[in-house]
Each structure stands twice: as structure tokens, then as C-alpha cells.
Amino acid sequence: MTKTKSKKIKIRRLKNSIKFYLPRVEGYLEVITQLAKEFEGMSLIEFDGYFEKKIEPAKYMRAEVHTDKLNEKKIIDQAKKIRDKLKQKSLAFEINGELILVEQGV
């Protein structure tokens with residue numbers, strides 16, 4: 001009779017999804033790098049942006065990250081800093097399918 005070793009499998013469920021919509025402008029790679037360091041995994045999708053009722057000349061990246069614990073205020077503050085770093089009037093992101101737009105104050 002042959003004995004086989006069973007391998008333990010670790011399963012984790014990350015309940016929260018955060019999608020940042022980033023214009024591919026100067027500084028966006030630094031933002032991507034920082035998000036990759038902060039979160040365990042990330043997927044990137046490139047797309048053409050359509051904001052303010054017009055197609056944007058710059059390409060956009062959707063950086064989607066997942067986390068178990070979520071601090072919405074911290075994510076909003078982070079989005080404000082990203083918007084400032086990328087010199088944008090607004091920055092869109094989603095938390096669990098809810099779109100949030102961080103805009104420059106008037």
C-alpha cells in the first residue's frame with residue numbers, strides 16, 4: 001500500500017473590490033507601483049476614456065485591487081492624493097460596484 005501526503009490548501013476570500021480609473025499621464029506608473037505594494041494583487045485593463053461627454057485623448061488604466069478589510073475614508077483620501085499627483089480635475093473609482101467621483105473643489 002502506498003501512502004500519499006496531502007497538501008494543505010489555504011483559501012482566502014477578499015470581499016471588497018476597488019477599481020481606480022487612472023489616466024495614462026505623467027506619474028501614473030508611480031501610482032500603479034504604490035497600489036501594487038499596498039494590495040496583494042491587481043489587474044490592469046487599458047481603455048479609452050469617455051468623461052464629461054467627450055472621448056478623452058489619453059488612454060486610461062483600470063487598476064482593480066481586492067482587500068478583505070476596507071476603510072472607505074482612507075480610500076477616498078488616497079483617491080484625492082492620486083488626483084492631485086496626476087493633476088486631474090476629477091478621479092473616478094469604484095468600491096464594490098459603487099462609482100465615486102472625487103472632484104476638485106470650486
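Rings of Phe, Tyr and Trp, the last taken by its six-membered ring, form a pair if their centres lie within 6.5 Å. In this predicted model, ring pairs join Tyr21, Phe47 and Tyr60 into a cluster. The legends below treat the chain as a whole and then a series of close-up views.

**Figure 1. Overall fold of the predicted chain.** Two helices and five strands make up the secondary structure of the chain. Their order along the sequence follows the pattern β-α-β-β-α-β-β. The chain is more spread out than a compact globule, because its radius of gyration is 18 Å, well over the 13 Å that the globule rule gives for 106 residues. The C-alpha trace spans about 75 × 30 × 25 Å along its principal axes. Of the 106 residues in the chain, 35% are buried. Among contacts between residues at least 6 apart in sequence, 58% join residues at least 24 apart.

**Figure 2. Aromatic pairs, with the stacked rings of Phe20 and Phe93.** A pair of aromatic rings is described by the distance of the centres and the angle of the planes. The count for this model comes to three aromatic pairs. In the pair formed by Phe20 and Phe93, the ring centres are 5.9 Å apart and the planes stand at 25°, so the pair is classed as stacked, the cut-off being under 30 degrees. This pair links distant parts of the chain, since Phe20 belongs to strand β1 and Phe93 to strand β4, 73 residues apart. Phe20 has a relative accessible area of 0% and is therefore buried. Phe93 likewise counts as buried, at 0% relative accessibility. The view also takes in the cluster of Tyr21, Phe47 and Tyr60, which is held together by ring pairs.

**Figure 3. The largest pocket and its lining.** The volume of the largest pocket is about 490 Å³. Its lining consists of 20 residues, and those nearest the centre of the pocket are Phe51, Glu52, Glu56, Tyr60 and Ser90. One of these, Tyr60, is also a member of the aromatic cluster with Tyr21 and Phe47. At least two lining residues come from each of β1 (16–23), β2 (42–51), β3 (54–67), β4 (90–95) and β5 (98–103). Strand β3 gives the most to this lining, with five residues. Sorted by class, the lining has twelve nonpolar, three polar and five charged residues.

**Figure 4. The second largest pocket, lined by residues of α1 and α2.** The space in the second largest pocket amounts to about 160 Å³. Its lining is formed by Val31, Gln34, Leu35, Glu38, Lys74, Asp77, Gln78, Lys81, Ile82 and Lys85. Helices α1 (28–38) and α2 (72–85) each supply at least two of the lining residues. Helix α2 gives the most, with six residues. By class, the lining of this pocket has three nonpolar, two polar and five charged residues.

**Figure 5. Gln78 and its contacts.** Gln78 is a residue of helix α2 and belongs to the lining of the second largest pocket. At 13% relative accessibility Gln78 counts as buried, because the cut-off for that class is under 20%. With neighbours within four places in sequence left aside, Gln78 is in contact with Phe20, Leu35 and Glu38.

**Figure 6. Loop residues Val25 and Lys87, with distances to Gln104.** Val25 lies in the loop between β1 and α1. Its relative accessibility of 26% falls between the 20% and 50% cut-offs, so Val25 counts as partly exposed. Apart from neighbours within four places in sequence, Val25 is in contact with Leu86 and Gln88. Lys87 is placed in the loop between α2 and β4. With a relative accessible area of 74%, over the 50% cut-off, Lys87 is therefore exposed. Between the C-alpha atoms of Val25 and Gln104 the separation is 18 Å, and these residues are 79 apart along the chain. Lys87 and Gln104 are 17 residues apart in sequence, with 10.0 Å between their C-alpha atoms.

Terms used. Residues numbered from 1 in each chain as written. Predicted model: local features only at pLDDT ≥ 70, side-chain atom pairs only at ≥ 80, totals over all residues. Heavy atoms only, no water. 1 Å grid on protein atoms, 1.4 Å probe; cavity = no way out; pocket = protein on both sides within 12 Å on 5 of 7 lines; lining within 4 Å. Points joined across faces, edges and corners; volume = space filled by probe spheres on them. Helix = DSSP H or I, 4+ residues; strand = E, 2+ residues; numbered from the N terminus. Nonpolar A, V, L, I, M, F, W, Y, C, P; charged D, E, K, R; others polar. Phe/Tyr/Trp six-rings, centres within 6.5 Å; stacked < 30°, edge-to-face > 60°. Buried < 20%, exposed > 50% of the residue type's maximum accessible area, 1.4 Å probe, protein only. Rg over C-alpha atoms; globule rule 2.2 N^0.38 Å. Contact = heavy atoms within 4.5 Å.
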